[in-house]
Amino acid sequence: MSAKLPAVHGSINGQAFTAAADATLLQVIRGAGLQVPTLCHLDGLTPVGACRLCLVAIEGHPKLEPACVTTVADGMVVHTHTPELETYRRMAVELFFAEGNHVCAFCVANGSCELQDVAVEVGMDHSRFPYQYPQRHVDASHPQFSLDHHRCILCTRCVRVCDEIEGAHVWDVGYRGSTCSIIAGLDQPWGDVAACTSCGKCVDVCPTGALFRKEDGTGEKHPHPERPRQLAEARSEHHWQNQ
Amino acid sequence: MTTPPPKLRFATVWLAGCSGCHMSFLDLDEWLFELAEAVEIVYSPVASDTKVFPQGVDLCLVEGAVANADNLELALQLRARSKVVVSFGDCAVTANVPGLRNLWAGVDGGSRQSVLDRGYLELADTGAQHPHAPGIVPELLERVLPLHEVIPVDHYLPGCPPSAERIRTFLEHLLRGEEPAMEGPAMLGFG
Amino acid sequence: MAVTWRCCDATACRAAGAAALRQRLEAEVGAERVKPVGCLRLCGQGPLAAADHDDGRSELFGGVAGERRLDWAHPFFALQRPVVLERCGLVDPSSIDDALAQGAYATLAACRLRPAAELVEEVVRSGLRGRGGAGYPTGRKWQLVAAQSNASKVVVCNADEGDPGAFMDRSVMEGDPHRLLEGMAIAAQAVGAAEAYIYVRAEYPLAIERLRTAIAAATDRGVLAGLPIQLRIGAGAYVCGEETALLHSIEGGRGTPRPRPPYPAASGLWGLPTLINNVETFAAIPAILREGGDWYAAMGTAGSKGTKVFALSGAITHTGLIEVEMGTSLRTIVEAMGGGGLGVVKAVQTGGPSGGCIPVELLDTPVDYASLQQLGSIMGSGGMVVIDGSMAMPELARYFMRFCVAESCGKCLPCRAGTVQLEQLLDRFVEKRASPADLAQLEQLCGMVKATSLCGLGQSAPNPVLSTLRFFRAEYEAALAPGVVP
Ligand SMILES: Cc1cc2nc3c(=O)[nH]c(=O)nc-3n(C[C@H](O)[C@H](O)[C@H](O)COP(=O)(O)O)c2cc1C
Ligand code: SF4
Ligand code: SF4
Ligand code: SF4
Ligand code: SF4
Ligand code: FES
Ligand code: FES
């Protein structure tokens, strides 16, 4: 946070905060030791506000606002866990499970999956929405990695990390609505996309078991969601020059 | 003279699941003795020989999804005869692995035909044929359903399987007449 | 005595045989006495042709053989208040000479002699609100863009018009394209923009052709005050009408919305301050600057000034295009102008997939932003569909929900996955196999999708359900099947 900017003041759940004027609400919430669930957001990547789990209520705002893309303002009075927000968050997580094909029991990410974690966080013990069983496929064309679309929650972290950090822009989103899917290249098999450097960053940041290393079996995935932030920081702070 | 309070009539049911949830239940080991003090096990694939689901059950744990005609019939019966019904494990809660054949609901012939063809014709080494024994082998339902899409369910105990610890905490609450606090990683979480 | 014919050459009449009618008339009176014009309003009776006599009398005929004699004195025409459509139907949309002769670009020329701030002020005074659906005060938006200090700014016209049942913007572009260009050029001068885009959907080939012709001619004549206007053709996604998705699409990206702020006024196309307005909004500008903001503000109601164009359709006798003063009652529109329902009128749907149904008991509701919103509907862009007794409301709600399922861009979860579940819940009501729990879930999920979706599509997708639940709840309750558990 830049020291030049004036500080702003406000409160979150009754707890006063002081923050740099360019901070996001999510930074402030976490800085205060509080927690809101997130899935699409990842430190080091451009926020997109797509999963809607981090929505918070701000007094005087007619709409709920996503903490990850909302900049703080002086006098903001924020509530992160109103009954309404808790109801909507749980419904959102149920919708995530219902729209894909999640069978945690044999998933590579079982035990290290952010969707699983978020389900626990919002108290989801079952889905009131019927599972949709969409017809999706697995792309195992890459020599080292696989993409199991059944588990993809369309957070677009892979799209952003590959574009913004690796600079390869292998991934994009194709199709519309409930048929959306992550696509490699021009909707080609991943292994055919020459732009992929096999850096593994997309696998590191994927919050679920959608992207994984081929050698990983059930429950063996070890994600590294901290890496984009480390790399972005290393670049902006020129860490390699200070070694 | 005081008569001891009547024991809680307890049942466990095994629908379309792998029996893993019941194995986890058995992992409760010596706590099972304590449980046996508190409840009367009136129906269970692992602790009772009764073949017909009895009347007047207080608490029923149901493992497995509803995948065939027998599952459906038993689900309706246990609901009518039980005070409290618990979806026990991921298969009951989400349809989980048995529900995977629902992915074929949209393909030619539907999920029932596809899974039978795959299992008994395509993958057969010899003597490929569909099982056929009316009255013995139950008909598959076209769609495998989680328990709560078939009958009203009172509690959900997720996990594949739910750990013995989770089952125990859950049952202890119920036995004390409390609402089980389904919160946090100890009590929640699929897989 | 000589007669000059004005033949409607807009999309609806073309589909109804306008070409054959024109050929016949040209053979009869000679091509020089037959002029193609934009929509003559009563599209349902098309193809239409107006016979203007030298003595000032005018007659209107419908049908390829002119077999239906229509009446200009009918309330359908008499109660109209043309401002945006003042030249539509009179001017040859492909002829800049005709447009110039009828006053096109005169206001722009006059505006060039006035300070920019004065133009913005005039629009503020007019009380004009955006006609694209959200109703944001146009003057305030212009002020915001004008206040940006950037050297480069952009003006964008939203001509994506994707609501089912809406054809107001299409009619303006097909009938009087120069009015749109003039409005945009005035806006560019007012906010200090040096380039402009029109984003028009590919399903409007005739509008695109007319705009191309008009832009080329206006540029050629130098009447656009040097403003380059570029056309961008959309690929037919409804959500590309949402302003941030539209800007992404112009930039060559995927047409998906992004969270606002920043609003386009601060950071829009290529990150530049961008004024984005709807076709009808821009088309109202020349008249406002010509007659003055106060003149415009004298029409309409306290919160809804001026006039609004509606596309009147559905189970009603007279279907077509109307422009009326804001505050006109639905009853006047449906019963007087529209000649009443074809069957028993049950409701009027406004605002398309983002709107709601006003039941027939409330037909005296004035058409203005606040009144419609109070009833759980919206003005929207101007689609107005009359619903008769044969339509079951859960089915109508499902129709719009299906539209939203098909048009969701898929970026945010509540809209992508929530609308699918809503459609399936509505299936249960349509098929009369719903449970009371389904009804509760329907309402709760509507609330969730509305409150948590990223853009206006998801935020308003539940409106047709909520509004029919509000006024026609009995139809949902009647769909509950007794034996359904859980
Ligand atoms: C899903 C969606 C579709 C929209 N479609 C259109 C459209 O087709 N035409 C339009 O002018 N505005 C449309 N809008 C509104 C625009 O986002 C924007 O508010 C409008 O272009 C601003 O112009 P105005 O202030 O002149 O109305 C749409 C909004 C949403 C959320
Ligand atoms: S991705 Fe996560 S939620 Fe989905 S199956 Fe794997 S572990 Fe379960
Ligand atoms: S491995 Fe690296 S280059 Fe290849 S798709 Fe993933 S992030 Fe992009
Ligand atoms: S593959 Fe993983 S990182 Fe990429 S969108 Fe899907 S869930 Fe997100
Ligand atoms: S509300 Fe719907 S259309 Fe809008 S961003 Fe979300 S998914 Fe896309
Ligand atoms: S984390 Fe903010 S919307 Fe996904
Ligand atoms: S299109 Fe010809 S009258 Fe409307």
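This note sets out points on a predicted model, taken in turn by chain and by site.

1. Domains of chain A. The assignment divides chain A into domain 1, residues 7–81, and domain 2, residues 105–236. Taken over C-alpha atoms, the centres of these two domains of chain A are separated by 25 Å. Domain 1 of chain A contributes 15 residues to the contact, and domain 2 of chain A contributes 19 residues.

2. Helix H3 of chain A. H3(A) spans residues 114–121 and is mostly covered, with six of its eight residues buried. The buried positions are A:Glu114, A:Leu115, A:Gln116, A:Val118, A:Ala119 and A:Val120. Their packing partners in chain A are helix H2 (83–99) and H4, and these are joined by helix H7 (184–187) of chain B. After H3(A) comes A:Gly123, which has a positive phi near 75 degrees.

3. Helix H4 of chain A. H4(A), residues 157–166, is also mostly covered: seven of its 10 residues are buried. These are A:Arg157, A:Cys158, A:Val159, A:Arg160, A:Val161, A:Cys162 and A:Ile165. H4(A) is followed by A:Gly167, with a positive phi near 75 degrees.

4. Surroundings of ligand 4. The shell around ligand 4 holds 14 residues, and A:Cys152, A:Cys155, A:Thr156, A:Cys158 and A:Cys206 are the closest. One of these, A:Cys158, is also among the buried residues of H4(A). By class, the shell around ligand 4 comprises 11 nonpolar, two polar and one charged residues.

5. Five strands of chain C form an open sheet of mixed pairing, in the order E11-E10-E14-E12-E13. Its edges are E11 (320–325) and E13 (356–359) of chain C, each of which pairs on one side only. From one strand to the next, the twist averages 30 degrees. Strand E12 of chain C, residues 345–350, runs antiparallel to E13(C) and is joined to E13(C) by four bridges. In this pair, C:Thr350 stands opposite C:Gly356 of E13(C).

6. A helix across the sheet. Helix H8 of chain C, residues 168–175, lies across E10 (307–314), E11 and E14 (383–388) of chain C. The angle between H8(C) and E10(C) is about 110 degrees.

7. The position of C:Cys88. This residue is found in the loop between helices H3 (75–78) and H4 (96–101) of chain C. Is C:Cys88 buried or exposed? C:Cys88 counts as buried because its relative accessibility is 4%, and the cut-off for that class is under 20%. C:Cys88 and C:Gly38 lie 50 residues apart in sequence, yet their C-alpha atoms are 5.3 Å apart in space. Apart from neighbours within four places in sequence, C:Cys88 is in contact with C:Gly38, C:Cys39, C:Arg41, C:Ser171, C:Gly175 and C:Asp176.

Technical notes:
Residues numbered from 1 in each chain as written. Chains lettered and ligands numbered in written order. Predicted model: local features only at pLDDT ≥ 70, side-chain atom pairs only at ≥ 80, totals over all residues. Heavy atoms only, no water. Pairing = 2+ DSSP bridges. Helix = DSSP H or I, 4+ residues; strand = E, 2+ residues; numbered from the N terminus. Axes fitted to C-alpha atoms, helices over the stretch in contact; angles between N-to-C directions. Contact = heavy atoms within 4.5 Å. Near = heavy atom within 4 Å. Nonpolar A, V, L, I, M, F, W, Y, C, P; charged D, E, K, R; others polar. Buried < 20%, exposed > 50% of the residue type's maximum accessible area, 1.4 Å probe, protein only. Domains from an automatic or database assignment.
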